Amino acid sequence: MEKVATVEQRRSGKINWVTIVPIVIFHLLSIGAFFTFSWTNLAVFAVMWWIAGSLGIGLGFHRQLTHRGFETPQWLKRVLAVFGSMALQGSPNDWVATHRIHHAFCDTDKDPHSPRHGVYWAHVGWVTVGTSQDNGAEVEQRFIPDLLKDKFLVALSKYWYVPTIATGVILGLIGGFSMVLWGVFLPVTLGWHFTWFVNSVTHVWGSRRFETRDDSTNNALVAAVSFGEGWHNNHHAHPTSVRHGLKWYEFDVNWLQIKALEKVGLAWNLK
């Protein structure tokens with residue numbers, strides 16, 4: 001059986017130009033967005049950030065596909081997966097496999113992005129060199145056998161960048177290149193950092209309600225920019241729980257949306 005790569009093995013790989021080049025381009029064009037401000041563009045940004053970052057990553061990739069915290073109709077599961085792909089954080093299969101490995105080996109030498117190996121490494125360094133989220137076929141068979149049985153997710157994982165390209169074309173036809181800057185480049189770039197904050201910041205700074213085996217913390221600022229994903233110590237203590245904010249003051253937008261879906265019959269078996 002293929003072994004999970006250690007951090008040393010990941011770092012020993014070549015520079016991942018396929019990742020670095022888009023990261024640089026997206027950051028530069030995101031800066032350009034602020035020179036084309038309009039209230040319409042700002043509204044488009046807010047909607048796209050919510051669709052990709054909250055519905056896609058938070059609900060789809062994380063709480064449903066990774067931890068199977070709730071169930072939905074098949075069509076909605078697929079829509080959420082498409083939304084997650086639009087965050088450009090990798091394919092559903094790669095993202096879920098990496099996150100399940102993170103939980104299995106959290107803050108050890110096999111954790112893909114632990115701050116114990118440096119905050120920069122945990123934040124962005126791990127995607128710039130070596131294997132990044134390419135975990136290998138045998139490791140995927142071990143960690144995501146359920147996703148590999150879903151033909152739609154397998155196909156989406158092969159062409160995961162297509163929904164974002166299509167979105168960019170549509171926004172360009174509606175509002176020109178400035179709307180593409182605000183509706184694609186800016187939300188994707190900020191979404192990267194907000195997700196990376198969960199990997200880095202919430203394993204370094206924050207409070208700990210539960211004595212877990214890892215360094216996870218609850219961080220209100222990260223929770224605010226990640227729709228509730230920053231209540232990370234709660235999450236690591238109860239990883240399959242669909243609710244991360246466990247106290248009334250721990251605002252968890254993703255949890256509230258899942259409860260709303262339950263109210264209208266589109267979500268069930270909430271853990």
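I began with N218, whose side chain meets the side chain of N234 in a polar contact of 3.1 Å. (A polar contact is a pair of N or O atoms within 3.5 Å; within protein, one must be able to donate a hydrogen and the other to accept it, and residues adjacent in sequence count only if both atoms are side-chain atoms.)

A note to myself: this is a predicted model, where local features need pLDDT of at least 70, side-chain atom pairs count only at pLDDT 80 or more, and totals for chains, interfaces and linings use all residues. Residues are numbered from 1 along each chain as its sequence is written, and side-chain values use heavy atoms, with hydrogens and water left out.

**More on N218.** I found N218 in the loop between α10 (162-200) and α11 (220-225). (Helices are DSSP runs of H or I, at least four residues, numbered from the N terminus.) Is N218 buried or exposed? It counts as buried, because its relative accessibility is 5%; buried means under 20% relative accessible area, exposed over 50%, partly exposed in between (1.4 Å probe, protein chains only). I also saw a polar atom of the N218 side chain 3.1 Å from the backbone nitrogen of N233.

**S200.** Next I looked in helix α10, where S200 lies. S200 is buried too, at a relative accessible area of 1%. Which side chain does the side chain of S200 make a polar contact with? I found that of H123, at 3.1 Å.

**Helix α3.** Last, I checked α3 and noted a kink of about 40°, centred on G56. (The bend at a residue is the angle between axes fitted to the seven residues ending there and the seven starting there.) Just after α3, R68 has a positive phi of about 50°.

How values were computed. Helix = DSSP H or I, 4+ residues; strand = E, 2+ residues; numbered from the N terminus.
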